[in-house]
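Hi everyone, thanks for coming.

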Amino acid sequence: MASKLQAFWNHPAGPKTIHFWAPTFKWGISIANIADFAKPPEKISYPQQIAVTCTGVIWSRYSMVITPKNWNLFSVNVAMGCTGLYQLSRKIRQDYFSDEKETAPSLEG
């Protein structure tokens, strides 16, 4: 067990490097996006979710071509891509495929 912990500690993408901490803190974006699943679709921002999705897809690919492979970076970006796609699908369904007709608020008392 101690040798595995020491190998993790001394890994080129281990906790002594930015290559560990940057993706670890990036999980906050994915967690916030998951928390936003409860948000009504009309509050979802297309530009924000497109950015989250593209970042997830692009950096997932990049994390697999660098040496050493950074599985923490890969997993957080897969999560970002998936949560972004899900949020975009919610927004698109609401904007283009919803049967609900938007009614203007009445000014009558």
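Some housekeeping. This is a predicted model, where local features need pLDDT of at least 70 and side-chain atom pairs count only at pLDDT 80 or more, while totals for chains, interfaces and linings use all residues. Residues are numbered from 1 along each chain as its sequence is written, and side-chain values use heavy atoms, with hydrogens and water left out.

Okay, helices. When I say helix I mean a DSSP run of H or I with at least four residues, numbered from the N terminus. Let's take helix H2, residues 18–35, and helix H4, residues 71–96: their axes come within 9 Å and cross at roughly 20 degrees. The axes are lines fitted to C-alpha atoms over the stretch in contact, and angles run from 0 to 180 degrees between N-to-C directions. That makes H2 roughly parallel to H4, a label used for angles under 35 degrees, with over 145 being roughly antiparallel, 65 to 115 roughly perpendicular and the rest oblique. H2 passes H4 in a left-handed crossing, meaning the near helix is turned anticlockwise from the far one by less than a right angle.

Who touches whom here? On the H2 side, the residues in contact include Phe20, Trp27 and Ile34, and among those on H4 are Leu73, Met80 and Gln87. Contact means heavy atoms within 4.5 Å. By class, this contact has 9 nonpolar, 9 polar and 1 charged residues. Nonpolar covers Ala, Val, Leu, Ile, Met, Phe, Trp, Tyr, Cys and Pro; charged covers Asp, Glu, Lys and Arg; the others, Gly among them, are polar.

Next, H3 and H4. Their axes come within 7 Å and cross at roughly 150 degrees. That makes H3 roughly antiparallel to H4. The crossing is left-handed, and the contact has 15 nonpolar, 11 polar and 2 charged residues.

The remaining pair I want to show is H2 and H3, with axes that come within 12 Å and cross at roughly 135 degrees. That makes H2 oblique to H3. Lys26, Ile29 and Asn33 of H2 meet Gln49, Val52, Thr55 and Trp59 of H3.

Now look at the loop between H3 and H4, where you'll find Pro68. A cis peptide bond joins Thr67 to Pro68, with omega at about -5 degrees.

Finally, how much space lies in the largest pocket? About 210 Å³. Of its 14 lining residues, the closest to the centre are His19, Tyr62, Ile66, Asn70 and Leu73. A pocket, on a 1 Å grid over the protein atoms alone, is an open set of points where a 1.4 Å probe fits, with protein on both sides within 12 Å along at least five of seven lines; lining residues have an atom within 4 Å of a point. Grid points are joined across faces, edges and corners, and the volume is the space filled by probe spheres set on them. H2 gives the largest share of the lining, 5 residues.

Conventions. Helix = DSSP H or I, 4+ residues; strand = E, 2+ residues; numbered from the N terminus.
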